[in-house]
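Hello,

Here is the structure I promised to pass on to you. Have a look at it first, and then read on for what turned up in it.

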Amino acid sequence: MSIAHGIRRLGVLGAGQMGTGIALVSALRAKVPVLLHDRSSEQVTKGLSLVEKLLAKDVSKGRITSEEAKEARDRISVVGSEVGIKGLRDADMVIEAVSESLPLKQSIFASFAAELKPEAILATNTSSISITKIAASAIPHGLNATSEEGKKSASRVVGLHFFNPVPVMKLVELISALQTSQETLDRARNFAVACGKEVTTSKDVPGFVSNALLMPFINEAIMCLEKGTATREDIDTTLRLGMNHPMGPLQLADFIGLDTCLAIQQTLYEGTRDSKYRPSILLERMVDAQWYGRKNGKGFYEYT
Ligand code: CAA
């Protein structure tokens with residue numbers, strides 16, 4: 001028998017492009033109140049103005065009424081940077097959507113375990129980092145990972161991987177840590193379905209299914225450019241028109257963020273020690289130059 005998601009209030013940590021999109025679909029589609037938190041208030045302001053713009057577009061296209069847009073916007077409230085993670089303590093589930101750094105995620109999940117309700121589901125939107133490693137940090141201080149309470153705390157952690165742009169992409173990848181309970185998996189899956197998403201499941205391997213396949217493809221395209229096989233436009237056009245991809249691989253890398261692509265590729269390479277996942281030197285150099293793609297105006301292409 002399927003169990004309800006039972007999420008009466010959601011916390012979202014991180015108001016970048018992913019966190020903002022997750023807040024929007026949760027408020028509009030799953031109709032749950034959302035507490036949005038980011039350590040940067042500037043990021044929250046930017047995120048909320050994107051939410052308002054996207055809701056207004058849905059109204060102008062006749063997909064939702066202006067009342068539905070207002071209700072969705074009103075469901076999202078901000079937890080200020082001065083309050084911190086404890087401001088999410090009324091949440092029945094939190095979704096972490098910060099940058100791809102294991103130490104950062106470990107410290108966040110340790111705070112979740114210390115500050116939030118003991119029964120709250122703790123989800124991560126990571127694109128590649130081991131959910132098992134993250135779950136191991138979600139154990140309140142002083143408890144052993146093999147004690148009953150330690151196992152119970154880690155059993156609430158799950159990977160819930162959304163895709164960018166979240167309001168448009170229909171998929172959520174669900175990943176179980178070694179510690180994750182069946183109840184956590186079922187509730188997280190049902191929440192993603194309530195957000196209007198289709199769910200696939202993957203084992204906890206580096207990159208899961210999505211990025212274990214996507215990142216070598218993007219990296220090969222960057223190496224084609226590096227070797228001078230073709231211009232950036234011809235590489236992208238080949239894949240767009242020859243294979244009907246909505247974006248070419250270099251455009252897609254810029255869209256995801258070159259810093260994010262590199263972080264995922266490093267996780268894949270370190271996690272598998274397989275040379276097929278080694279990031280190209282050109283990608284490393286572009287990130288060294290702080291060319292991160294669309295988000296800061298320069299990647300393989302220029303954005304104004
Ligand atoms: N946020 C929200 N909505 C957006 C958006 C954004 N950043 N960018 C575009 N959209 C919406 C547009 O508003 C438009 O919506 P309407 O139909 O309501 O008008 C719709 O998407 C189509 O946009 P456009 O007509 O402007 O442009 P397009 O037809 O070229 O589509 C696209 C844009 C949807 C981004 C399309 O190019 C696409 O699907 N690209 C591939 C995206 C992709 O592969 N994403 C996954 C990346 S991997 C990832 O996220 C996870 C990871 O682990 C790295």
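Met-93 touches Ile-7, Leu-10, Ala-120, Ile-121, Ala-123 and Phe-191, leaving aside residues up to four places away in sequence. Here, two residues are in contact if their C-beta atoms, placed from the backbone, lie within 7 Å. Please keep in mind that this is a predicted model: local features need pLDDT of at least 70, side-chain atom pairs count only at pLDDT 80 or more, and totals for chains, interfaces and linings use all residues. Numbering starts from 1 along each chain as its sequence is written.

Met-93 also belongs to the largest nonpolar core, which has 60 residues; together with Val-94 and Val-157, Met-93 is among those with the most contacts inside it. Helix 1 (residues 17–28) gives the most to this core, with seven residues. Apart from it lies another core, of 22 residues, including Met-215, Ile-218, Leu-250 and Leu-252. A nonpolar core is a set of buried Ala, Val, Leu, Ile, Met, Phe, Trp, Tyr and Cys residues joined through C-beta atoms within 7 Å. Buried means that 20 or more other C-beta atoms, placed from the backbone, lie within 10 Å of the residue's own. Of the 304 residues of the protein, 44% count as buried.

Now for the overall layout. The protein has twelve helices and eight strands (DSSP runs, numbered from the N terminus: H or I of at least four residues for helices, E of at least two for strands). It is divided into domain 1 (10–202) and domain 2 (210–296), with bounds from an automatic or database domain assignment. Their centres, taken over C-alpha atoms, are separated by 27 Å. Seven residues from domain 1 and eight residues from domain 2 make up the contact.

Where does the ligand lie? Both domain 1 and domain 2 give residues to the shell around the ligand, so it lies between them. That shell holds 16 residues, and the closest are Ser-127, Phe-163, Asn-164, Pro-165 and Pro-246; a residue is counted if its C-beta atom, placed from the backbone, lies within 6 Å of the molecule. Helix 2 (41–60), helix 8 (208–227) and helix 10 (249–256) are the elements that each give two or more residues to the shell. By type, the shell divides into ten nonpolar, four polar and two charged residues. Ala, Val, Leu, Ile, Met, Phe, Trp, Tyr, Cys and Pro count as nonpolar, Asp, Glu, Lys and Arg as charged, and the others, Gly among them, as polar.

Enjoy exploring!

Terms used
A residue is buried if 20 or more other C-beta atoms lie within 10 Å of its own, exposed if 12 or fewer, and partly exposed in between; C-beta atoms are placed from the backbone.
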